Structures are given as structure tokens and as C-alpha cells.
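Morning, everyone. Please look at the sequence and the model as they come up.

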Amino acid sequence: MADSLTIRRPDDWHLHFRDGETMRAVVPHTARQFARAIVMPNLSPPVTTTALAADYRDRILQAVPEGLDFIPLMTAYLTDDSDAGDLATGHADGVLTAAKLYPAGATTNSASGVTDVANIMGVLERMAEVGMPLCVHGEVVDHDIDIFDREAVFIDRVLEPLTRRLPELKVIFEHITTREAVSFVEDGGTNMAATITPQHLHINRNAILVGGIRPHMYCLPVAKREEHRLALRKAATSGSPRYFLGTDSAPHHRGDKESACGCAGIFNAPFALESYLQVFDEENALDRFEGFASLNGPRFYGLPANEERIVLERAPVEVPAQVAGGAEPIVPFHVGETLGWRMAR
Ligand code: NCD
Ligand code: ZN
């Protein structure tokens, strides 16, 4: 059994940093582990243009601790009124790495999202032309669709028709949570990939509901039944280049989670690598971790893999009860647990 693992420095292909004080508190956790991260644009108001993304990128860079090299990769939040020209220019200028599709109302700060993919077809065609990837939050928002079925229904109603119509568009089906999503990605063309979060590899829906409501286990898409978690673990550790690391770390202050209407989002950034490694170790797939964490993402995005190496070693790491979050503390994923790996350097 290997006690240490040296891999290229990984990247996080789906991450929420927020803004202001909270951002300044959470950025160091990601910058400690990752070389780059795809930063989600769901601020309030959202990051909808190249100019807003450039400003947000500057604010993030100012929050990176001295001595750490970290590059935020920016995304634009698509709305029914997105300007294809602005997005294409932002992409060509290296400001925008991708654009993000939030179905309106699907999750935190998605009210200004897209109400019907038909409304942005011109924008998506332009993105396909210029090779700009689309990040997708894959859930329908129809009130008559059960929350546990929203991802599977999204595949049939939105994603399958979209990829059939625009096969040249690079699509990242983000934070997949179901067996149906795994088979859709398996059957997709070379322009289809998916990110998988640590929480969806560790927990099923019982973790949210058994013994009381556990708000810190709640995120969207919500964790599903055990069979889905097992399908995700198999996919992530399979060695397939279609899957890569995207934490979906989504910090919300303690009071906003522990509330009558608790926010969706799990803050996993402080121990993200440690959390994923535990899964790869349990699945006897440590040799496949570098592909998932450091190679598959850059290859799909058409970016170079990082040259720097990091060393991970078997050692107990205790996850604290809370971490600083600016105005209020934030409760991290795995709170109270001892994880089996740590990043040595
Ligand atoms: C995210 C957030 O809080 O911004 N929440 C979550 O539960 N994942 C939004 C998202 O990615 O859905
Ligand atoms: Zn997210």
C-alpha cells in the first residue's frame, strides 16, 4: 500500500469563491492545493460580461496569499440576453475560459439564469464556433418534477437535444449525481465531459436526512440514493478521461445554512484533495488520481497540464468544527472527521 503519492499540481474545474470578505477568507484554501480553478459567476449581481469577469479576477488575485501561484479561470453567467460578441471577445482575449448555464431558479443566485435554452441558441452556436466550453448546471426547475429526478429529466429534456443539435460545442456536465448522468457522459461524443464533487462520492441522501436534518450535507444537485453514489465512484476512479475534479465548494456562513431555509452548498475547499484521495484509496485507484485531478481537465479545456508536482502522504488530518469565513464562520465538509491523507508539499 503506497504511503505517498507525487502528482502534477491539480486544478479545480468548478468552484465558488463569492466576493469581499468571504472571498478573501476562502481563496487561500484553494490556492494552497490547486494551480487553477474555474470560478463560478453566480455572485449577486452575477458576472455576466467580460468586463465584470476581468474585475472579479483582479479581486481574486488580490486575495491570493503571497508565495502561492494561483490562476483563477473566469466564467460568464449566461442570461437570456447574453451578448455572443462580448463572450467571444472575452474568450479570445483570455479573460473568459468558459460560460456557465444556470437554468433560472435552479440553485443559489440563479434567478437571472436562462429561462429556455432556445433563447441562447445563437450564443451557444458562437461558442461552438470559437471553441469556448459550456459549463452546465444540469437540473430542470419544473415544480412538478421531484427534486431527486431533476438531473435525469434535464438530460432528456435539455442536454440530449442540445448536444444533438450542437455536437461541436464542448460541454462540461457539472457535479453529476446520478447513474443516468454517468451513462449519458459515457455515450457522449468527445466534446462531452463531467466533473464530480467529493461530497457526491462520499455521501448519499441518507446523510442529509437520517437522525435529523443536516444542513451542511445539503447542496444542489442534492445527493441521491446509494446506487448513484456507487456509479459515481466507479466513473471517477475508472481512468476515463471524461471525468475530472470539480469540487463545487460553495461557502455559506453557518447561520445561512443552519436556518429554516438553509442555503444549498457544501464548503469542501479546506480539505478537497484529502477528501478525494480517501475515495481513490478506498477504491484501490490511487494510480488513477493524477488523471482525474491533474490531467483530464486541462486536456478537455485545451490547456497545458501543470508542471509543478505536489506530494500527498498518508497521515491523519482532523477537520475542525469551523473555519474563518469573513463576517461569520463556515462549517467545512467532513466536520469532526479524521481524514487519512494530507498534502505534504
Ligand atoms: C452553489 C452555490 O452555493 O453557489 N450551491 C450548491 O449547492 N452547489 C450553486 C451550485 O453550484 O449549484
Ligand atoms: Zn457550483
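Start with the zinc ion, ligand 2. His14 (NE2), His16 (NE2) and Asp248 (OD) coordinate the zinc ion at 2.0 Å. Donors here are N, O and S atoms within 2.8 Å of the metal (3.2 Å for Na, K and Ca), and water is not among the atoms, so sites may look incomplete. Along the chain, the donors are spaced H-x1-H-x231-D. The site has four donor atoms, with angles of 92 to 144 degrees, and is irregular.

A word on conventions. This is a predicted model; local features need pLDDT of at least 70, side-chain atom pairs need 80 or more, and totals for chains, interfaces and linings use all residues. Residues are numbered from 1 along each chain, chains are lettered from A and ligands numbered from 1 as written, and side-chain values use heavy atoms, without hydrogens and water.

Now ligand 1. Which residues come nearest? Of the 15 around it, they are Arg18, Asn42, Thr107, Leu220 and Asp248. Around means a heavy atom within 4 Å.

Next, polar contacts, pairs of N or O atoms within 3.5 Å. The side chain of Asp248 puts a polar atom 2.7 Å from a ligand 1 nitrogen. For Arg18, a side-chain N or O atom is 2.8 Å from a ligand 1 oxygen. His16 has a polar side-chain atom 3.1 Å from an oxygen of ligand 1.

Key:
A polar contact is a pair of N or O atoms within 3.5 Å; within protein, one must be able to donate a hydrogen and the other to accept it, and residues adjacent in sequence count only if both atoms are side-chain atoms. Four donors count as tetrahedral if all angles lie between 85 and 135 degrees; four count as square planar and six as octahedral if opposite donors are over 155 degrees apart and all others between 65 and 115; anything else is irregular.
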